[in-house]
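Dear colleague,

Please find below the structure that I am handing over to you. My notes on what was found in it follow directly after.

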Amino acid sequence: MASVDLSALDASLKTRKEKGEGLMVKKMTDGWGKVEGFKKLRVIDSIVLGSMTFASLAQPGAKGAFNPKANALKVAARIGKVRPAKIDLLITEVERLQLEATYFAEVEGTNGRDPENFMFADHIYEHVVEQAGVDTLKAVWRGDLNPAGTNAVDICDGIVTLIDADIASDDIPETAILAHADPDFFIEEDNIIAEIKALVKLFRSQLPAYAYGPATLFMAPERASEYEFALEALNGQVNTYNSFSQMILYFAKNIKIEAVIDLAGTDFMAITPDGNLLYLTDRDAKKVSLDSDYNKRDRSVAMMADWHFAPNYFRADLIVTNDLRVRPVEAGV
């Protein structure tokens, strides 16, 4: 078996750095293909997410005087700001010995001292970039900003955190929240259709202008499965799909269902018009970097990745949600 020299691995990583960064930029700006229903924007650090709404404006004419209505125009401004994220990976001497015994080292490490010939570096970059995607999406949904933290959820405020903050500030009014008086209530197959119908009714009553336009219902994958099982039990009803092979509600075909992996373990549900949710990334490609460094003293290779992102939405008042989050212990998954 070929011996894999860590100094050669570092040289190979540096040789393939541009390719790795290109992959990172492509995946990051696309949200790793997992931010369905989001509008993707590339910004320089931050952006003002301004919106304007009007009260009723029309009135009888021929008054003979200019008669403007008070408080007819409401301007709201949210600030979307990307947050820095990083990966620090250390490949130690012990891990180097383990790498030497892998399939990739046998097949592709035939000349480990030649950076051009050491293709294993490509696989390392690919895995680092994919893991960056897993962690990014975790922060997009369940993040709670903590710059001193060390976990993915500390990178930025996620959608659930933003919604809860806007509920507390009344930017999302009580009338847009499906409330549950019973603290032990949890969603299951027997009640999920009724729960979704109640949320859709709320969406249509609170946002009549958007009631029949394209919208997305976000939920945990377990809840999506329960919905499917409930449909099967309901007179043999089967899933309904749109022309893009996306599952839609059988009684509200303009609303598609998005099962979000990172909402797993929750009863959280929310409906919003498509394009209201935002996935922000930095427009400056230099803010995305992958690099490596070989330490002769301890025979290790350090890998570093840096990028910027954050979720947000244009208007809080275009979201209807329930007040359920963590499920009671007796609920199981």
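The structure holds 17 salt bridges, a salt bridge being a side-chain nitrogen of Lys or Arg within 4 Å of a carboxyl oxygen of Asp or Glu. As background, side chains of opposite charge can pair when their charged atoms come close. Please note that this is a predicted model, in which local features need pLDDT of at least 70 and side-chain atom pairs count only at pLDDT 80 or more, while totals for chains, interfaces and linings use all residues. Residues are numbered from 1 along each chain as its sequence is written, and side-chain values use heavy atoms, with hydrogens and water left out.

One of the salt bridges joins D122 and R16, with 3.3 Å from N to O. D122 belongs to helix α5 (residues 120-142) and R16 to the loop between α1 (6-15) and α2 (17-29), so the pair ties together parts that are 106 residues apart in sequence. Here helices (H or I, at least four residues) and strands (E, at least two) are DSSP runs, numbered from the N terminus. D122 also forms a salt bridge with K19, where the closest N and O atoms are 3.6 Å apart. This second pair links D122 in helix α5 with K19 in helix α2, 103 residues away.

R16 is buried, as is D122.

D10, K14, K17 and D291 are linked in a network of them. In another, the side chains of R315 and D317 meet at 2.8 Å, N to O. R315 counts as buried because its relative accessibility is 16%, while D317, at 34%, counts as partly exposed.

F314 lies in the loop between β13 (300-313) and β14 (320-322). With 24% relative accessibility, F314 counts as partly exposed.

Strand β10 (residues 270-273) pairs with β14 in the antiparallel sense over two bridges, and the bridge partner of A270 in β14 is T321.

Finally, two residues have backbone angles to note. Most residues other than glycine have a negative phi. W32, however, has a positive phi near 55° and lies in the loop between α2 and β1 (38-43). W32 is buried, with a relative accessible area of 11%. S245 is not a glycine either, yet its phi is positive, at about 60°. S245 is placed in the loop between β7 and β8 (247-249), and its relative accessible area of 61% makes S245 exposed.

Yours sincerely,

A colleague

How values were computed
Buried < 20%, exposed > 50% of the residue type's maximum accessible area, 1.4 Å probe, protein only. Pairing = 2+ DSSP bridges.
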